[in-house]
Amino acid sequence: MAYLLIFVTMLHLITLAMLFIATMEKSWWVWNPTESSDLWYNCRLDNSTGTWLCATTKETEWLQAVQVLMILSVVFSSVSFLVFLGQLFTMSKGGLFYFTGLCQVFAGLTAFSAALIYTLHNKEILPDSKSPTSGDFGYCYILAWVCVPLLLCSGVMYIHLRKKE
């Protein structure tokens with residue numbers, strides 16, 4: 001039981017870190033190693049100074065939906081972890097972690113929705129000055145998709161996890 005508890009806790013923390021990185025880092029779409037776009041900024045590397053020059057992205061309805069859903073996913077997963085810690089120390093023996101599991105499943109569904117919207121509407125989200133066909137999805141986009149099954153699996157594990165002494 002202790003190993004399962006450690007595994008579920010570590011999976012939750014790793015997934016939460018991946019979600020946070022996917023939401024905050026600057027690589028949802030990459031045109032080349034010196035130009036990228038994320039949920040918040042369009043950036044390019046200035047070769048003469050070696051610094052990133054970033055401008056805010058054009059606010060579209062689809063981009064705002066992706067931003068909100070990714071933030072909700074981080075919030076749901078964070079609340080789920082805090083509730084899990086609270087339940088771990090206050091819940092009676094034999095209790096199930098339903099609320100923790102449901103929060104984690106909601107985090108997975110919101111991350112799924114955000115990644116799906118970005119996949120289907122990236123032409124509307126990306127800047128007009130760049131051609132979406134000349135770039136590729138970045139590692140943050142891939143991290144968001146990797147988080148989806150991990151969040152859903154950990155949510156199901158929490159729902160079936162029973163507290164023992």
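Mentor: In this predicted model, strand 3 and strand 4 (residues 51–56) pair in the antiparallel sense, with six bridges between them. At one point of this pairing, Asp-46 stands opposite Thr-51 in strand 4. The two strands form a hairpin with four residues between them, and there Gly-50 takes a positive phi near 75°.

Strand 3 (residues 41–46) also runs antiparallel to strand 2 (residues 35–37), to which three bridges join it. Here Ser-37 stands opposite Asn-42 in strand 3.

The helices may now be set beside the strands. Two packed helices are described by the angle between their axes and the distance between the axes. The axes of helix 1 (residues 2–24) and helix 2 (residues 61–90) come within 9 Å and cross at roughly 155°. Because angles over 145 degrees count as roughly antiparallel, helix 1 is roughly antiparallel to helix 2. The crossing of helix 1 past helix 2 is left-handed. On the side of helix 1, the residues in contact include Leu-5, His-12, Leu-16 and Phe-20; helix 2 contributes residues including Met-70, Val-74, Phe-81 and Leu-88. By class, this contact of helix 1 with helix 2 has twelve nonpolar and seven polar residues, and no charged ones.

Key:
Residues numbered from 1 in each chain as written. Predicted model: local features only at pLDDT ≥ 70, side-chain atom pairs only at ≥ 80, totals over all residues. Heavy atoms only, no water. Pairing = 2+ DSSP bridges. Axes fitted to C-alpha atoms, helices over the stretch in contact; angles between N-to-C directions. Parallel < 35°, antiparallel > 145°, perpendicular 65-115°, else oblique. Left-handed = near helix turned anticlockwise from the far one by under 90°. Contact = heavy atoms within 4.5 Å. Nonpolar A, V, L, I, M, F, W, Y, C, P; charged D, E, K, R; others polar.
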